[in-house]
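Dear colleague,

Please find below the structure that I am passing on to you. A short account of the findings comes after it.

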Amino acid sequence: MEYTNMAVYYDDLFSKKDYSKEVSFIKNKIGKAKNIIDIGCGTGTHMSMLIKEGYNVIGVDLSRDMVEIARKKTQAPVYLGNVLKFKFKMQFDAALCLFELLNHLKNKKQIILAMRNINKHLVDNGILIVDLIQPQESFGGKKVIVSDVEKVLTWEYDSTRQIEKMYTSYNIDEHIYKTKHVFKIVSIEEFTEIAKMTGFDVVSIHDNYSEEVATAKTLHNEFVLRKNKSTK
């Protein structure tokens, strides 16, 4: 798995990611929220930046290696946990579910279960920001160089099953690491319905952390959701 064997290289591989843009977007959308849970926090970069801005943030991640790195980086509570099953006694003002975390789940049933679990951990009117991907073309590939690491990606999309498979190989210090990810794709319309049925109102849907409205052609969509008061 990329999130275990590759954890030590993760920050270098994502060194060109515009975290500042994403954190500015998050701050703008969560309003006066102070207590935040970052689900699938990875190595804790979003957490670290938000903590420096004065927010109280805890993290949850499925990878033990990621959790250890995030704890050192943030000096904040970071727990080993699954988006389907994590459990805290407290509720939060806002939750983050970034890095297309929900796309990593097996099917829509699991996405619904995850959304219900997140809902339970939010106060009334609490904000949830979800990052999801839309499929690329049916087949494709590309090679990129990041921090002297050669990264080769190939993918295939099954539109009938709404499944995208992505194969990645990394050449790091003459060692080849190979990973495979299977993403469950849900359309904007499908996820809007999932949000409503799990106790959320859709505030807005964005194109790659911008103020542009997402479309079916948008690769990364950010959903800003609000827990409605009728949720029990």
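Predicted model: local features only at pLDDT ≥ 70, side-chain atom pairs only at ≥ 80, totals over all residues.

Residues are numbered from 1 along each chain as its sequence is written, and side-chain values use heavy atoms, with hydrogens and water left out.

An open sheet of mixed pairing is formed by seven strands in the order E3-E2-E1-E4-E5-E11-E10. Strands (E, at least two residues) and helices (H or I, at least four) are DSSP runs numbered from the N terminus, and two strands pair if DSSP finds at least two bridges between them. At the edges are E3 (78-80) and E10 (200-207), each pairing on one side only. Strands E5 (residues 122-133) and E11 (residues 220-227) run antiparallel and are joined by seven bridges; Leu128 has Leu225 in E11 as its bridge partner.

Helix H3 (residues 19-30) lies across E1, E4, E5, E10 and E11, at about 150° to E5. Angles run from 0 to 180 degrees between N-to-C directions of axes, which are lines fitted to C-alpha atoms, for helices over the stretch in contact; contact means heavy atoms within 4.5 Å. Helix H4 (residues 45-52) lies across E1, E2, E3 and E4, at about 170° to E2.

Helices H6 (residues 108-120) and H7 (residues 188-197) pack at about 40°, their axes 9 Å apart. Among the residues making this contact are Ile111 and Met115 of H6 and Phe191 and Ile194 of H7.

Yours sincerely
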